Amino acid sequence: MKINNASYDENKTTGIVVRLANRSIFRNTRRTLLTVLLISCSLVAILFTDAFVRGMVSTMVKISTQTFLGEAQVHQQGFRATNDIDLYIEDTHTLFSKIAETEAIQAYAPRVISGAMTSSSDNVAAAIIYGVDSDKEAQVSKLKQAMVDGQYLSGKESEILLGQRLAELLEVSLGDRLVVTVSQAHGGDLSQALFRVSGIFSFNERNMDNGMAFINLSQAQELLSINGVHEIALRLQNLNQADDKTLLFWQALNNEKLETLAWQDLVPQLSSMLAMTEYSTLIVSTILYVLVCLGLINTMFMSIFERQTEFGILLAIGTRPKQLFIQILLEGFFIGLLSIVLGVILAFIVCYWGSITGIDYTDLEMTGLTLNEPIYLILDTMSFIKMAFATLLVTILACIYPAVHAAKLQPSFAMRKTL
Amino acid sequence: MNNIAQNNTQKRDVLVNSTTVIETKMLCRHFGQGDTLVNALTDANLTINKGEFTTIIGPSGSGKSTLLQLIGGLDTPTSGEVLLDNKHISQMTGTELSDFRRDHIGFIFQAYNLIPVLSAKENIEYIMLLQGISAQERAKRVSAIMHDVGLEGLENRRPAQLSGGQQQRVAVARAMVSEPSIILADEPTANLDSKTGIELLDMMKTLNEEQKMTFVFSTHDPKIMERAKRIIRLEDGCIVDDECFS
Ligand SMILES: Nc1ncnc2c1ncn2[C@@H]1O[C@H](COP(=O)(O)OP(=O)(O)OP(=O)(O)O)[C@@H](O)[C@H]1O
Ligand SMILES: [Mg+2]
């Protein structure tokens, strides 16, 4: 007889536990592969959702900022709240040169904005008149690309661009005459001017096509009798700068007179909707992780019941219950490892394909924003790593319950079949 | 291997140096309750000495497996006590009991004894791995025992690639290789044809005599009973007879 307690070393059993776990999962290859497939497909679905949401967010932000908004806008303090045409930025000359010198700002477009009455020979309609600098506007918004008929502004007197629906409402076409009536700044005398429809645009966005008209900046200033602008739309070097409030220009362009806001603050509905969209990854992944857990618990229990006699033997001949527990967790770990390798490869292929071809949602309108270009999936390495680890963790966690069950087996009960 | 003269000397040794390895005191095991109460074992008092080759016999359902399981610490008695090497096994915690089984008891069951994913050699090595015995020592003992049980050349076969008799030999080798004080075998020959069964038993007997290892096994088979040196008869959970042959 020999008592080896003194020399007992847990590390020495690690090898045999790993060997047992590793060989056990390949005993029923089909079951293991099906389980691996279930887990890896869930991982693919999660990563696809994540990449899709990223793509959608970026597309929506791109559409809403690039169409007309700009990534940021400068206004006179109070203008946004009141839309009062008196609140215009006066000292435009120095401001423009300051903006032009700012490296982070790629382009800017000054705008004069006023509510107006437009009347044709057939009809009248309310509209918002934008006075824009034709060259600068083309660098910031998609107005030039949105032209469906006629010519873009060239700076000539009495040019006016109408939204497609507005033109239909007023029953005018190219070359037709149109009277615009506004109330002037500082006092509110009515002022009128005659225009000839020089172009029709369509942003594919109802509110814009319904109620917007563009005229040349200088004529708008004259009409309203102001010597400044209401809004300066900014195109930044890159989108992230809109978030980065540490950049110097944010301070320079925000003072007691000027208010400069990024797109998130200009259209808070959009940013809150995007925040909600991001939850969809969380929801999808939670649901799938629960399914993975249940599937895996089921598989592990099936495999444990099949091997009950074997576990009984292992326990009878002196295996510590803890070792059996670790063995089952290790089996889960190996299954998880296989699954994430397969899942990440498949997800990469699928998402990569989606990032090249894009997913076409054209003409689907979401909260007033038309997705007029396909959504290109965006692969994010960090999410791949995070989700893969989360999946591995979930598979190991799911094995705790079956592992506890195996460790608690009474050897005499487990071996009833043979005894 | 079957040297009668040697056998006799050893038998005498056993009788002279008789130390108790197994002792049961008023051991009871009941299953169920009320109408379904089964007295699988009632007031079993038993003393087994070192080096004995004992068989437990009795009709089906008489409590043979129950007794062996209680002795081996695989089951908990309803009342009474089991002492192995003068230790109360009922007082041990889970891990202590596991380690005690690992170091002191060898088990052989009727069938499906082996771990299917391990080769014959790995099955035999398993307990020594748990005990932390060095690779060198393990290799030495495995090759010696493989020789003793006549399985040389089959080291790397998986259990599924071995015959029933070969599997049981591996089980015997595994039970013995860690040098436990007792080997408990519950109908080790039941799944074998009688010739193979007798061969297995003769092998066990030789090992018992050569290495003075204590064997307790149960059986149905009269041919097997003949080979025992002590027969304990169970009926309805009671020990009704206990004979020694010399
Ligand atoms: N887990 C259990 N639950 C209920 N009854 C049990 C349980 N295990 C054994 N028994 C009963 O205890 C009695 C003794 O069973 P045991 O298995 O010890 O008999 P045995 O002598 O080994 O029989 P066999 O020769 O058929 O193997 C039987 O009547 C059996 O039905
Ligand atoms: Mg039995």
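This is a predicted model: local features need pLDDT of at least 70, side-chain atom pairs count only at pLDDT 80 or more; totals for chains, interfaces and linings use all residues.
I'll start with ligand 1. Where does ligand 1 lie? Ligand 1 sits between chains A and B. There are 14 residues around ligand 1, and the ones that come nearest are Arg416(A), Ser60(B), Lys64(B), Ser65(B) and Thr66(B). If you sort the shell by class, you get seven polar, four nonpolar and three charged residues.

Now the individual contacts, going along chain B. At Gly63(B), a polar backbone atom is 3.0 Å from an oxygen atom of ligand 1. At Lys64(B), a polar side-chain atom is 2.6 Å from an oxygen atom of the ligand. At Ser65(B), again a polar side-chain atom, the distance to an oxygen atom of ligand 1 is 2.7 Å. As for cover, ligand 1 taken alone exposes 630 Å², and the protein buries 68% of that.

Which elements give two or more residues to the shell around ligand 1? They are strand E2, residues 38-49, and helix H2, residues 64-71, both of chain B. H2(B) gives the most, with three residues.

E2 takes us to the next item, the sheet. In chain B, four strands form an open sheet, in the order E2-E1-E4-E5, with antiparallel pairing. E2 and strand E5, residues 87-88, are the edge strands; each has a single partner, so one side of each is left without a neighbour in the sheet. Inside that order, strand E1, residues 20-31, pairs with strand E4, residues 79-84, in the antiparallel sense over five bridges.

Strand E9, residues 230-235, and strand E10, residues 238-244, pair in the antiparallel sense over six bridges. Here Ile231(B) stands opposite Glu243(B) in E10(B). The hairpin has two residues between the strands, and Asp236(B) takes a positive phi near 50°.

Over to chain A for one residue. Leu258(A) is found in strand E10 of that chain, residues 258-262. Is Leu258(A) buried or exposed? Leu258(A) counts as buried, because its relative accessibility is 8%, and the cut-off for buried is under 20%. The C-alpha atoms of Leu258(A) and Tyr88(A) are separated by 9.7 Å, although the two are 170 residues apart along the chain.

Last, the cysteines. How many disulfides does a search of the whole structure find? Zero, over all chains. Take Cys351(A): this residue is in no disulfide, and the nearest cysteine sulfur, that of Cys41(A), is 13 Å away. Cys351(A) is also buried, with a relative accessible area of 0%.

Cys244(B) is the other one I picked. Cys244(B) is exposed, with a relative accessible area of 58%.

Note on methods: Residues are numbered from 1 along each chain as its sequence is written. Chains are lettered from A and ligands numbered from 1 in the order in which they are written. Side-chain values use heavy atoms; hydrogens and water are left out. A residue is near a molecule or strand if one of its heavy atoms lies within 4 Å of it. A polar contact is a pair of N or O atoms within 3.5 Å; within protein, one must be able to donate a hydrogen and the other to accept it, and residues adjacent in sequence count only if both atoms are side-chain atoms. Accessible areas come from the Shrake-Rupley method with a 1.4 Å probe; for residues, only the protein chains shown count as cover. Ala, Val, Leu, Ile, Met, Phe, Trp, Tyr, Cys and Pro count as nonpolar, Asp, Glu, Lys and Arg as charged, and the others, Gly among them, as polar. A disulfide is a pair of cysteine sulfur atoms within 2.5 Å. Buried means under 20% relative accessible area, exposed over 50%, partly exposed in between (1.4 Å probe, protein chains only). Two strands pair if DSSP finds at least two bridges between them.
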